[in-house]
Amino acid sequence: MAQTWFQSTNARVAGAFAVAVVLQIAGTLLIPGYSAPFAIRALLVIASLLAVASIGQTLVVILGGIDLSIPFVIGFANVVAAQLYGNGMDFAVVCLIVGVLAILIGALNGLISRGLNIHPLIVTLGIGMIVQGAVLLWTGGFPSGSAPQAVSDFVSIGGSIGPLPVPAVVPCVAVLALLVTVVLARTPYGRRLYAVGSNPEAAPLALIDPVRMWTMTYAASAFFAAVAGVLLLGFTGSAYGDVGQPYLFQTIAAVVVGGAALVGGRGNYFGTIAGVLVLTEINTLLIGLGFQPSTVQAALGFVIVLLVSLYGRERHVSATI
């Protein structure tokens, strides 16, 4: 049975990468300059930002949860980092403060969801809205500030690193993806994550504390969302509280396209990367063809509904054992 799941997941990941290649070829044939070096760099940078934001969603979906606070934490990190740095604080200290606060927000999500047995969809949405409200109160609705030049250079589409014709964020995300994949496949944390997602009732019998796993995993999810928020600050050049809103469902869609099961217990970050590429290609292709932003959003929503209907109706792993 486990081998069947593994083969099914691999097939979906391979299929997602194949779709990304087909979309790239279609864009090249339909849109002049679609595969020009600058356009490729832009696509890779945009995909890298989504990939960072999707790390946490991958972890919590494998766990059997969902995190709707990601866009709010992205906006929180974006605004708070800009405000504190704009007030003259050292950026390293700013990142430390933002990272710690994000971890506390995520830990609270996991603790309440599992500790009180409240559905994480409700908890994370509620906590996220509280965070957003707090940021609005603090800034008065008019955030200010910017990122250091080093952060802007890190994500600049026109940048490069050494002999590589891409900005530093692209190879760094590639290394990060490798690390996350290794953590999921080769560490005790990864094994416990899949165990809790596969059969949460049996996990305590294997001496796994579900509350601790949920708290740790949601803390990690919020941390990577905060990293994405800081990177987006460098990418856009200014603070914007709603900068994370496009990531609300894109992170979920990327995980599902990559072969993860919304019921938990299955998925991997390599698959999420494939999903990220598919979504980025679809978005870029539709914009390049001249579709309005509302039409692009509708198309992405259709893709999400279609994929959830195909992948999200499977029985939980524990029901098949």
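Reader: At roughly what angle do the axes of helix H8 and H9 cross, and within what distance do they come?

Author: In this predicted model, the axes of helix H8 (residues 188-198) and H9 come within 11 Å and cross at roughly 110 degrees. H8 is therefore roughly perpendicular to H9, since angles of 65 to 115 degrees fall in that class.

Reader: Is that crossing left-handed or right-handed?

Author: The crossing of H8 and H9 is left-handed.

Reader: Which residues make the contact?

Author: On the H8 side they are Tyr-189, Arg-192, Leu-193 and Val-196, and H9 supplies Met-213, Trp-214, Met-216 and Thr-217. By class, the contact of H8 with H9 comprises six nonpolar residues, one polar and one charged.

Reader: Take Thr-217, then. Buried or exposed?

Author: Thr-217, which sits in helix H9, is buried, with a relative accessible area of 0%. The cut-off for calling a residue buried is under 20%, so Thr-217 qualifies.

Reader: What is Thr-217 in contact with, leaving aside its neighbours within four places in sequence?

Author: With those neighbours set aside, Thr-217 contacts Leu-59, Val-60, Leu-63, Tyr-189 and Leu-193. Leu-59, Val-60 and Leu-63 are among the H2 residues that meet H9, while Tyr-189 and Leu-193 belong to the H8 contact.

Reader: How do H2 and H9 cross?

Author: Helix H2 (residues 37-63) and helix H9 (residues 210-236) have axes that come within 8 Å and cross at roughly 170 degrees. H2 is therefore roughly antiparallel to H9, the cut-off for that being over 145 degrees.

Reader: How many nonpolar, polar and charged residues are in that contact?

Author: The contact of H2 with H9 has 19 nonpolar and four polar residues, with no charged ones.

Reader: On to the core. How many residues are in the largest nonpolar core, and which have the most contacts inside it?

Author: The largest nonpolar core has 85 residues, and those with the most contacts inside it are Val-73, Ile-74, Phe-76, Val-98, Leu-193 and Tyr-269. H2 contributes the largest share of this core, 14 residues. A second, separate core has five residues, including Ile-66, Leu-68, Leu-248 and Ile-252.

Reader: And what is Val-73 in contact with?

Author: Apart from neighbours within four places in sequence, Val-73 is in contact with Ala-102, Ile-105, Ala-222, Ala-225 and Ala-226.

Reader: Changing topic: where is Phe-291 found?

Author: Phe-291 lies in the loop between helix H11 (269-288) and helix H12 (293-311). Phe-291 is partly exposed, with a relative accessible area of 40%. Not counting residues up to four places away in sequence, Phe-291 touches Leu-286 and Val-296.

Reader: What about the phi of Leu-207?

Author: Leu-207, also not a glycine, has a positive phi of about 65 degrees. Leu-207 is in the loop between H8 and H9, and counts as exposed at 79% relative accessibility.

Terms used:
Residues are numbered from 1 along each chain as its sequence is written. This is a predicted model: local features need pLDDT of at least 70, side-chain atom pairs count only at pLDDT 80 or more; totals for chains, interfaces and linings use all residues. Side-chain values use heavy atoms; hydrogens and water are left out. Axes are lines fitted to C-alpha atoms, for helices over the stretch in contact, and angles run from 0 to 180 degrees between N-to-C directions. Helices (H or I, at least four residues) and strands (E, at least two) are DSSP runs, numbered from the N terminus. Angles under 35 degrees count as roughly parallel, over 145 as roughly antiparallel, 65 to 115 as roughly perpendicular and the rest as oblique. Contact means heavy atoms within 4.5 Å. Ala, Val, Leu, Ile, Met, Phe, Trp, Tyr, Cys and Pro count as nonpolar, Asp, Glu, Lys and Arg as charged, and the others, Gly among them, as polar. Buried means under 20% relative accessible area, exposed over 50%, partly exposed in between (1.4 Å probe, protein chains only). A crossing is left-handed if the near helix is turned anticlockwise from the far one by less than a right angle, and right-handed if clockwise. A nonpolar core is a set of buried Ala, Val, Leu, Ile, Met, Phe, Trp, Tyr and Cys residues joined through side-chain atoms within 4.5 Å.
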